[in-house]
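This report describes a single protein model for a reader working from its coordinates. Please consult the sequence and structure shown below while reading.

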Amino acid sequence: MARVRIDLRALGRLLRHRYGFTDETCAFFDFFAQPAPELEQQAADALGPDRLDEPILAAAREYGLLLQAYECLFWDTLGVIDA
């Protein structure tokens, strides 16, 4: 199954202008369309002062990709249920 990258900011605008959705109903898309620098800082703080070596970075990338894959499965499942 091919992955599709969705521009959440554009989706929120489309829902508002084409379908008349309110700001309240588009809040989910607005929230996730914004970068979250405070979360990145919290993650960096959690790691502490130790430098990250390549094996740790490789493991972190793998865990991030797994998380994205699980999220994709979640949304794909909702799409199948709704269809």
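The paragraphs below treat confidence, helices, salt bridges and surface in turn.

The model is predicted: local features require pLDDT of at least 70, side-chain atom pairs count only at pLDDT 80 or more, and totals for chains, interfaces and linings use all residues. Residues are numbered from 1 along each chain as its sequence is written, and side-chain values use heavy atoms, with hydrogens and water left out.

**Confidence.** The predictor's confidence in each residue is expressed as pLDDT, on a scale from 0 to 100. The protein has a mean pLDDT of 83, and 93% of its residues reach 70 or more. Among its elements, H1 has the highest mean pLDDT (92), whereas helix H3 (residues 37-47) has the lowest (78). Where pLDDT is low, the predicted coordinates should not be read in detail.

**Helices.** Helices are DSSP runs of H or I with at least four residues, and strands are runs of E with at least two; both are numbered from the N terminus. At the start of H1, a side-chain oxygen of Asp7 comes to within 3.1 Å of the backbone nitrogen of Arg9. Just after H1, Gly20 adopts a positive phi of about 75°. Gly48, which follows H3, also has a positive phi, near 80°. A residue is called buried under 20% relative accessible area, exposed over 50% and partly exposed in between (1.4 Å probe, protein chains only). Of the 11 residues of H3, zero are buried, so this helix lies largely in the open.

**Salt bridges.** A salt bridge is defined as a side-chain nitrogen of Lys or Arg within 4 Å of a carboxyl oxygen of Asp or Glu.

| Pair | N to O distance |
|---|---|
| Arg16 and Asp23 | 2.7 Å |
| Asp30 and Arg16 | 2.4 Å |
| Arg61 and Glu54 | 3.2 Å |

Asp30 of helix H2 pairs with Arg16 of helix H1, so this bridge ties together parts that are 14 residues apart in sequence. Asp23 counts as exposed, at 54% relative accessibility. Asp30 is partly exposed, with a relative accessible area of 28%. Through shared partners, salt bridges join Arg16, Asp23 and Asp30 into one network. Arg61 is partly exposed, with a relative accessible area of 48%.

**Surface.** Patches consist of residues with over 30% relative accessible area and no salt bridge; like charges are joined within 9 Å and nonpolar side chains (Val, Leu, Ile, Met, Phe, Trp, Tyr) within 5 Å. Accessible areas come from the Shrake-Rupley method with a 1.4 Å probe, and for residues only the protein chains shown count as cover. A nonpolar surface patch is formed by Phe28, Phe31, Phe32, Phe74, Trp75, Leu78 and Ile81, together presenting about 790 Å² of accessible area. Helix H2 (27-33) and helix H4 (54-82) are the elements that give two or more residues to this patch. H4 gives the most, with four residues. Phe31 is placed in helix H2 and counts as exposed, at 59% relative accessibility.

Glu24 belongs to the loop between H1 and H2 and is exposed, with a relative accessible area of 71%. Glu24 and Ala59 are 35 residues apart in sequence and 38 Å apart in space, C-alpha to C-alpha.

Methods. Polar contact = N/O pair within 3.5 Å; in protein donor to acceptor, adjacent residues only side chain to side chain.
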